[in-house]
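Subject: Structure handover

Hello,

Here is the structure for you to look at. My notes on it follow below.

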Amino acid sequence: MDDGSFTRPAPLRSARHVRTLFLSDLHLGAMGCKAQRLLDFLNSHDAETIFLVGDIIDTWRPLGDNWPQAHHEVLRLLTRRAEAGTRVIYIPGNHDGFFRHHIGTGLFGFEIRRDMTHRTADGQRLLVTHGDCCDIFSHRFTMLSKAGSWLESGIRRLGHGINIVRERLGRDGWDGLESALARFNRLIRSRDRFEMRLIDIARARGFDGIVCGHFHRPALHREHDALYVNCGDWVEHCSAVSEGFDGALRLIRWQPAPEPQGSPTPAEALV
């Protein structure tokens, strides 16, 4: 008879087991999502709690337009983790704002929250929120922001098509359009004081720091006398933040696995 109990499976021997993982801006369903690299990361990390800090499923685009198998596998892996006992907390962002209608409920085995208090193992109180609340451009020019997102998706699709042609011609891949998009996004944000706005919110609510996403700029610092953590994204930077069992936070920039003989371990850069 099923009494509702379960045994949480042990993590893979090769997996890094941590207390908490923070992931944001996966943009599943978008052209630029690096889903295969994300799967590689998730298969190499196991956590007691996983925070999904917004823009997980990109509902700004028709989901059938770009939903390859790897995107499905990411969701399936996360739901299996939840079923196996990992606490998965989903904090919707602006690209998956539909899920804000389900705050306080469960979906896919995830807890849906508007924002969340997280206490680290060493006692720090952190506010976890997506961060779009401090994006002046997104709030004042919503339709322009969406149009820019659609344009970016089209440019990435064009770049993908160019690389398919280059591959057939026996040439190396070209990332000129991706690099141009990254430079343009950095230019737009160069004078934006969003970090200070987010830190001010955390301070006003009595937190020691803030964990966010949205801006696609991975960061981990105390430059303003409070902890600022941005998970980054899985479109440009392929980054995440982990918390060890001692409370230490690490910013991880996940690189693709090298391809020598044998079965190499993926490279991990810690900041």
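What share of the residues of the protein chain count as buried? Of the 271 residues, 46% do, where buried means under 20% relative accessible area, exposed over 50%, and partly exposed in between (1.4 Å probe, protein chains only). This is a predicted model, in which local features need pLDDT of at least 70 and side-chain atom pairs count only at pLDDT 80 or more, while totals for chains, interfaces and linings use all residues. Residues are numbered from 1 along each chain as its sequence is written, and side-chain values use heavy atoms, with hydrogens and water left out.

The protein chain has six helices and 13 strands. Helices (H or I, at least four residues) and strands (E, at least two) are DSSP runs, numbered from the N terminus. Among contacts (heavy atoms within 4.5 Å) between residues at least 6 apart in sequence, 67% join residues at least 24 apart.

The sheet

Five strands form an open sheet with mixed pairing, in the order β6-β7-β8-β10-β9. Two strands pair if DSSP finds at least two bridges between them. β6 (116-119) and β9 (219-221) stand at the edges with a single partner strand each, so one side of each has no neighbour in the sheet. From one strand to the next the twist averages 20°; the axes behind this angle are lines fitted to C-alpha atoms, for helices over the stretch in contact, and angles run from 0 to 180 degrees between N-to-C directions. Ala 219 has Asn 230 in β10 as its bridge partner.

Cores and helix α1

A nonpolar core is a set of buried Ala, Val, Leu, Ile, Met, Phe, Trp, Tyr and Cys residues joined through side-chain atoms within 4.5 Å. The largest one has 32 residues, and Leu 23, Phe 41, Leu 52, Val 74 and Trp 234 touch the most other members. At least two residues of this core come from each of β1, α1, β2, α2, β3 (87-90), β5 (110-112) and β12. The most come from α2, which gives six residues. Apart from this core lies another, of 15 residues, among them Phe 51, Met 116, Val 211 and Val 241.

Leu 52 touches Leu 23, Leu 78, Val 88, Ile 89, Tyr 90, Ile 91 and Phe 110, leaving aside residues up to four places away in sequence.

In helix α1 (residues 35-43), the residues Ala 35, Leu 38, Leu 39, Phe 41 and Leu 42 are buried. Seen down the axis of α1, these buried residues fall within an arc of 160°, so they line one face of the helix. The arc is that of the directions from the helix axis to the C-beta atoms. The buried residues of α1 pack against β1, β2 (45-52), α2, β11 and β12 (249-254).

Salt bridges

A salt bridge here is a side-chain nitrogen of Lys or Arg within 4 Å of a carboxyl oxygen of Asp or Glu, and by this rule the count comes to seven. One of them joins the side chains of Glu 243 and Arg 19, at 2.8 Å from N to O. Glu 243 lies in strand β11 (residues 239-243) and Arg 19 in strand β1 (residues 16-23), so the pair ties together parts that are 224 residues apart in sequence. Glu 243 is buried, at 0% relative accessible area, whereas Arg 19 is partly exposed, at 23%.

Within helix α2 (residues 69-83), Glu 73 and Arg 76 lie three residues apart, about one turn of the helix. Their side chains meet in a salt bridge (2.6 Å, N to O). Glu 73 is partly exposed at 22% relative accessible area, and Arg 76 is partly exposed at 33%.

Arg 203 and Asp 200 form a salt bridge, with the closest N and O atoms 3.9 Å apart. Arg 203 and Asp 200 are three residues apart in helix α6 (residues 194-204), about one helical turn. Elsewhere, Arg 87, Glu 111 and Arg 113 are linked in a network of salt bridges.

Cys 134

Cys 134 sits in the loop between β7 (125-128) and α3 (136-140). Cys 134 is buried, with a relative accessible area of 5%. Not counting residues up to four places away in sequence, Cys 134 touches Phe 194, Arg 197, Leu 198, Ile 201 and Phe 215. Cys 134 and Ile 201 are 67 residues apart along the chain, and their C-alpha atoms are separated by 9.2 Å.

Regards
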